[in-house]
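User: Hi, could you help me read this structure? I would like to go through it step by step.
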Amino acid sequence: MRLALDQARVAADHGDVPVGAVLVDPFGDIVAAAGNERELASDPTAHAELLVMRQAAQALRSWRLTDHTLVVTLEPCTMCAGALVLARVSRLVFGAYDPKAGAVASLWDVVRDPRLNHRVDVRGGILEAECGALLREFFAAG
């Protein structure tokens, strides 16, 4: 999570909402890391989670990210939660809950919906205070 927080700070430095993510392989090695780039890339889909999954898929030469863990500073939205299911990510670890748009615990539970063909193991609230503080500081300054 500390590495994801570093990526979130980089995102804030270029004016993006400070969300960072890393993808970890089954051996604990970092496969990919990114922060939000919606403002930087003028791309509404440039969320940290999607950028990390795209980088990892290219590096691994496979869209299947089975046995990998995505670590992200903020509970994923519906777009990112859906992508986690589609990529077959095994585990999700996130920091702050998102009561306005969270699609893993707060508003919906997309990644564990039994109607879908894949379910993700979830652990939320990791370094929640630190992840949340970074977001609050960003929005207070804006």
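User: Which residues in helix 3 meet helix 4?

Analyst: Keeping in mind that this is a predicted model, Glu49, Leu50 and Met53 in helix 3 are in contact with Met79, Cys80, Ala83 and Leu84 in helix 4. By class, the residues of this contact are six nonpolar, no polar and one charged.

User: And how do the axes of those two helices sit, what's the angle?

Analyst: The axes of helix 3, which covers residues 48-60, and helix 4, which covers residues 78-86, come within 9 Å and cross at roughly 25°. Because angles under 35 degrees count as roughly parallel, helix 3 is roughly parallel to helix 4.

User: Is the crossing left-handed or right-handed?

Analyst: Helix 3 passes helix 4 in a left-handed crossing.

User: Ok, new topic: how much space is in the largest pocket?

Analyst: The largest pocket holds about 490 Å³ of space, and among its 22 lining residues the closest to its centre are Val17, Leu74, Asp98, Leu135 and Phe139.

User: What classes does the lining have, and which helix gives the most to it?

Analyst: The lining of the largest pocket consists of twelve nonpolar, three polar and seven charged residues, and helix 5, residues 128-141, gives the most to it, with five residues.

User: What about helix 1 and helix 5, at what angle do they pack?

Analyst: Helix 1, residues 2-13, packs with helix 5 at an angle of about 5°, and their axes are 11 Å apart, so the two helices are roughly parallel to each other.

User: Which residues meet there?

Analyst: Arg2, Leu5, Ala8, Arg9 and Ala12 in helix 1 meet Glu130, Cys131, Leu134 and Phe138 in helix 5, and the residues of this contact divide into six nonpolar, no polar and three charged.

Conventions: Residues numbered from 1 in each chain as written. Predicted model: local features only at pLDDT ≥ 70, side-chain atom pairs only at ≥ 80, totals over all residues. Heavy atoms only, no water. Axes fitted to C-alpha atoms, helices over the stretch in contact; angles between N-to-C directions. Helix = DSSP H or I, 4+ residues; strand = E, 2+ residues; numbered from the N terminus. Parallel < 35°, antiparallel > 145°, perpendicular 65-115°, else oblique. Left-handed = near helix turned anticlockwise from the far one by under 90°. Contact = heavy atoms within 4.5 Å. Nonpolar A, V, L, I, M, F, W, Y, C, P; charged D, E, K, R; others polar. 1 Å grid on protein atoms, 1.4 Å probe; cavity = no way out; pocket = protein on both sides within 12 Å on 5 of 7 lines; lining within 4 Å. Points joined across faces, edges and corners; volume = space filled by probe spheres on them.
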